[in-house]
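User: I've got a model open and some questions about it. Can you walk me through the details?
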Amino acid sequence: MTKMKLPARPDLSVNIAGIKLKNPVLTASGTFGYGEEFAEFLDLNKLGGVIVKGISLKPIKGNPPPRIWETPSGMLNAIGLENPGVDVFLGEKLPFLRKFDTAVIVNIFGFSLEEYVCVAERLDGVQGIAGIEVNISCPNVKAGGMAFGTDLRATYGLLSAVRKKTRLPLIAKLSPNVTDVTEFASAARDAGCDGLSLINTLLGMAIDVRCRRPRLANCTGGLSGPAIRPVAVRMVWQVAKKVPLPIIGMGGIVTGEDALEFILAGASAVAVGTANFMNPRATLEVLSGIENVMAEQGVGNIKDLIGRVSAV
Ligand SMILES: Cc1cc2nc3c(=O)[nH]c(=O)nc-3n(C[C@H](O)[C@H](O)[C@H](O)COP(=O)(O)O)c2cc1C
């Protein structure tokens, strides 16, 4: 009897900012907790990596409720970066994640340059951390966050200061709430970053017309989900053409095809965010969706798709 030759498994491995990933599917910060919250729904070993909820120097309670509002094909959130602080993260959250064969990328933020630098310093050299993603783009806090990410000099100054204090791969998470995102990508590169994440949420607002009040206690919030995907794909494409740094693309990814839009636009990896709230196994479905399209198209290596969108 002749043996049927099975097609070789596709090579899904990618390298982002010096971090080796077994596949390009990551979790977007703030939508997957610290991994433990989702571990009963899926095998974390199957993920390319976990980008954890943003960590600050001290614990933060976040904004008062309501903090979330569903919108057409998306959601508004104004969580206000609630987190237990870097000490609790290192003592209680990281030990759980270390048990898995997946890259752990720690998202950090601060209310001042000094706070960002302190958090980065604390993470440097810690076993089990593959890299740092610096959130300079949160729209839901009054100081810090987006204040850095929408000013070119502040972006450069902050990222250069963080760069000096860590040897870990450094990924800047850029804000879409700017006129030309490529300028901010270039500033991040000049500051010594190894990679870029884009996009964070778009600043939005919803109003209850009967009460005549904003839907969120914070008034404004960050818009995420499929509604923002075309904006995110466009920004990844613009940045990839101009700045030679690896990109983690995100914004409204629900399926493998959504993820491949980002990869063809120039992202080396993708992060799944809001979709995790609709379906806790969304990341794995995105992964198998990518594999299906690759098989259908006879593509053996995901790297052959990065940036391969052609002009019409
Ligand atoms: C509830 C919620 C919390 C978030 N928290 C963070 C965060 O702590 N740090 C960060 O950099 N981005 C945060 N984000 C932004 C996401 O990581 C992602 O960039 C954005 O939501 C776009 O992807 P998506 O449309 O797939 O959700 C958060 C998003 C949501 C919806």
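Analyst: One definition before we start. Helices (H or I, at least four residues) and strands (E, at least two) are DSSP runs, numbered from the N terminus. This is a predicted model, where local features need pLDDT of at least 70, side-chain atom pairs count only at pLDDT 80 or more, and totals for chains, interfaces and linings use all residues. Residues are numbered from 1 along each chain as its sequence is written, and side-chain values use heavy atoms, with hydrogens and water left out.

User: Fine. Where is K22 found?

Analyst: K22 sits in the loop between β2 (19–21) and β3 (25–27).

User: Is K22 exposed, partly exposed or buried?

Analyst: K22 counts as partly exposed because its relative accessibility is 36%. Buried means under 20% relative accessible area, exposed over 50%, and partly exposed in between (1.4 Å probe, protein chains only).

User: And what is K22 in contact with?

Analyst: Leaving aside neighbours within four places in sequence, K22 is in contact with L12, S13, N45, K46, L47, G48 and D101. Contact means heavy atoms within 4.5 Å. The K22 side chain also reaches the backbone oxygen of N45 at 2.2 Å. K22 and T102 are 80 residues apart in sequence, yet their C-alpha atoms are 8.0 Å apart in space.

User: Switching to the ligand. Which residues come nearest?

Analyst: There are 25 residues around the ligand, and S29, K173, G225, G252 and T274 come nearest. Near means that a heavy atom of the residue lies within 4 Å of the molecule or strand.

User: Which side chains put polar atoms by ligand oxygens, and at what distance?

Analyst: T274 has a polar side-chain atom 2.6 Å from a ligand oxygen. For N107, a side-chain N or O atom is 2.8 Å from a ligand oxygen. For N135, the distance from a polar side-chain atom to a ligand oxygen is 3.2 Å. A polar contact is a pair of N or O atoms within 3.5 Å; within protein, one must be able to donate a hydrogen and the other to accept it, and residues adjacent in sequence count only if both atoms are side-chain atoms.

User: Stay on T274. Buried or exposed?

Analyst: T274 has 13% relative accessibility, so it counts as buried. T274 lies in the loop between β16 (269–272) and α8 (275–278). Its side chain makes a polar contact of 2.7 Å with that of S224. Not counting residues up to four places away in sequence, T274 touches T31, M75, S224 and G225.

User: How many bridges between β11 and β14?

Analyst: Four, in the antiparallel sense. The bridge partner of L203 in β14 is G222.

User: Last one. How many residues has the largest nonpolar core?

Analyst: The largest nonpolar core has 99 residues, and L123 and L196 have the most contacts inside it. Its largest share, seven residues, comes from helix α9 (residues 282–297). A nonpolar core is a set of buried Ala, Val, Leu, Ile, Met, Phe, Trp, Tyr and Cys residues joined through side-chain atoms within 4.5 Å.

Key: Two strands pair if DSSP finds at least two bridges between them.
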